[in-house]
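Good morning, and thank you for making time for this presentation.

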Amino acid sequence: MRRAFFAILRRDLALATRAGGGGELALVFFLTLVVLVPFALGPDLNLLSRIGPAILWLGALLATLIGLDRLFQGDEEDGSLDLIRASVLPLELAVLAKGLAHWLTTGLPLALCAPLLGLLVALPAEAMLPVAATLLAGTPALSFIGATGAALTASLKRGGLIVPVLVAPLTVPVLIFGVSASNSALGGTIPFLTPFLILCALSLAAIVIGTIAAAAALRQAD
Amino acid sequence: MHESCAASLFGLRNNVLTLRHTSFPSLALTAETVTCRRGGRLVFEGLSFSLGNGEAIALTGRNGAGKSSLIAMICGRLLPAEGSLRIDGAGDVPLPELIHLVGHRDGLKTALSAGENLAFAQGLLGEAAASPEEALTAVGLAHVAALPVGYLSAGQRRRVALARLLVSRRPLWLLDEPASALDASAQQMLIGLMQAHLVQGGAIIAATHGPLGLDGARELRIGL
């Protein structure tokens with residue numbers, strides 16, 4: 001069973017690195033968003049650095065959501081999902097493997113690039129590490145909440161934007177605590193750990209609930 | 001050439017297998033007055049059959065008669081609306097470990113090479129038998145093992161999907177239109193693979209429109 005889990009994980013990681021895999025697209029989309037915001041706001045450095053963490057978090061959220069509709073759709077279309085469902089691996093663990101691969105190729109690179117992109121929004125040096133840490137802790141929640149939406153729309157041929165629309169409202173708590181933990185590094189009365197630990201809890205809960213919900217949604221599709 | 005490759009591979013496999021287990025454990029699939037409904041619509045009703053070691057069934061019927069639905073039922077993806085479908089003699093081996101599925105869609109990733117696709121299937125299904133290279137040689141595709149599946153023709157993709165049957169060892173093969181897009185020599189190869197599987201004590205259910213070409217296969221007609 002462990003072998004089957006790692007087979008799915010390895011295959012999805014390999015697919016993400018091939019042409020059209022989508023991993024690098026999320027990163028480029030993130031970069032584009034973060035580059036565009038300063039142009040829209042105008043040359044106010046103080047304003048920019050104050051809302052910097054919010055921009056980075058919004059960028060990461062949208063970049064994660066845009067590629068999510070393909071999470072199960074590809075497997076549904078070419079029949080690999082039937083194969084996975086006919087294997088010994090419980091569907092929940094298959095979803096966990098796919099969600100993990102999605103996070104490793106989307107959320108993790110976004111979090112690692114965040115300090116670099118922080119430069120573009122005049123993020124103070126002391127806030128860079130907290131922003132990266134909150135993205136690292138919070139993006140698993142986005143991947144797994146998104147997996148539920150992706151599973152619901154797996155058999156829709158032109159699901160496209162439905163997944164982001166379905167999933168975005170559910171990500172509000174993650175966004176609130178992610179940005180609030182990042183902002184605490186810029187000053188204020190809230191200690192960093194308070195929102196950060198809630199963010200970690202949100203991620204852990206999303207991994208469990210998202211996995212079970214997505215598997216249930218995939219079973220309903222038949 | 002393909003048959004001889006397949007035969008030599010199976011000879012090799014048989015030698016190896018005699019060391020491990022000579023043939024598949026006894027197995028009996030029984031369907032009793034199974035009724036299938038999808039979306040409230042009656043697809044077929046009162047279907048009964050049984051299948052044991054070394055037996056093959058060719059499922060026939062018009063389009064939409066429920067051949068694929070029956071295969072989904074045996075996989076456990078659909079539940080019978082009435083009647084029962086059970087597998088005896090497998091002990092405590094769960095159903096998914098008995099089944100090899102080649103559906104009407106190939107289940108291949110076009111961005112991965114044929115070898116990578118088979119290595120994935122082997123990891124997913126377990127019970128490793130032939131290596132991906134051996135399996136591709138057996139279906140006559142050793143020369144394209146490193147090419148992405150997206151570059152292969154429909155018939156070649158079908159052969160890669162069929163090669164999946166060889167990379168891991170499962171007693172019950174469920175094939176949905178296995179010969180679609182295959183040329184004459186590949187169809188002969190498929191018959192060779194199926195015969196070798198039956199000789200080892202495996203069982204086959206194949207949904208098909210054309211003749212299966214398999215000696216001793218019973219025909220089960222669904223619907224009118």
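Predicted model: local features only at pLDDT ≥ 70, side-chain atom pairs only at ≥ 80, totals over all residues.

Let me begin with the overall content of chain B. Its secondary structure amounts to six helices and eight strands. Along the sequence these elements follow the pattern α-β-β-β-α-β-β-α-α-α-β-α-β-β. Chain B has 224 residues, of which 43% are buried. As for contacts in chain B between residues at least 6 apart in sequence, 76% of them join residues at least 24 apart.

I turn now to one sheet of this chain. In chain B, three strands form an open sheet in the order S2-S1-S4, and the pairing is antiparallel. The edges of the sheet are strand S2, residues 41-52, and strand S4, residues 82-88, of chain B; each has a single partner strand, so one side of each is left without a neighbour in the sheet. On average, and with direction ignored, neighbouring strands here are turned by 20° against each other.

How many bridges join strand S1 of chain B to S4(B)? There are six, between antiparallel strands, with S1 covering residues 28-38. For a specific position to look at, Thr35(B) stands opposite Glu82(B), which is in S4(B). A helix also belongs in this picture: helix H2 of chain B, residues 67-75, lies across S1, S2 and S4 of that chain. The direction of H2 is at about 120° to S1(B).

Further along chain B we reach helix H6, residues 184-199. This helix has 16 residues, and the distance from its first C-alpha to its last is 23 Å, close to the 22 Å expected at 1.5 Å a residue. Which residues of H6(B) are buried? They are Ala186(B), Met189(B), Leu190(B), Leu193(B), Met194(B), Gln195(B), His197(B) and Leu198(B). After H6(B) comes Gly201(B), which has a positive phi, near 95°.

Next, the contact between the two chains. Here 22 residues of chain A are in contact with 23 residues of chain B. On the side of chain A that touches chain B, the elements giving two or more residues are helix H1 (2-17) and helix H5 (80-85) of chain A. H1(A) supplies the largest share of that side, eight residues. By residue type, the side of chain A that touches chain B divides into eleven nonpolar, four polar and seven charged residues.

Is Phe72(A) buried or exposed? It counts as buried because it has 27 C-beta neighbours inside 10 Å, where the cut-off for burial is 20 or more. Leaving aside residues up to four places away in sequence, Phe72(A) touches Leu81(A), Ala150(A), Ala151(A), Ala154(A) and Leu218(A).

Finally, the record. An unreviewed UniProt entry lists "transmembrane region" for chain A at residues 21-41, 47-68, 100-123, 129-154, 161-180 and 192-218. In the model, residues 47-68 of chain A are 91% helix and 0% strand, with the end C-alpha atoms 32 Å apart. Residues 161-180 of chain A are 75% helix and 0% strand, and their end C-alpha atoms lie 28 Å apart.

Thank you for your attention.

Notes: Residues numbered from 1 in each chain as written. Chains lettered and ligands numbered in written order. Pairing = 2+ DSSP bridges. Helix = DSSP H or I, 4+ residues; strand = E, 2+ residues; numbered from the N terminus. Axes fitted to C-alpha atoms, helices over the stretch in contact; angles between N-to-C directions. Contact = placed C-beta atoms within 7 Å. Buried ≥ 20, exposed ≤ 12 C-beta atoms within 10 Å, placed from the backbone. Nonpolar A, V, L, I, M, F, W, Y, C, P; charged D, E, K, R; others polar. Expected span 1.5 Å × (residues − 1). UniProt positions renumbered as here; feature names shortened; annotations may be inferred.
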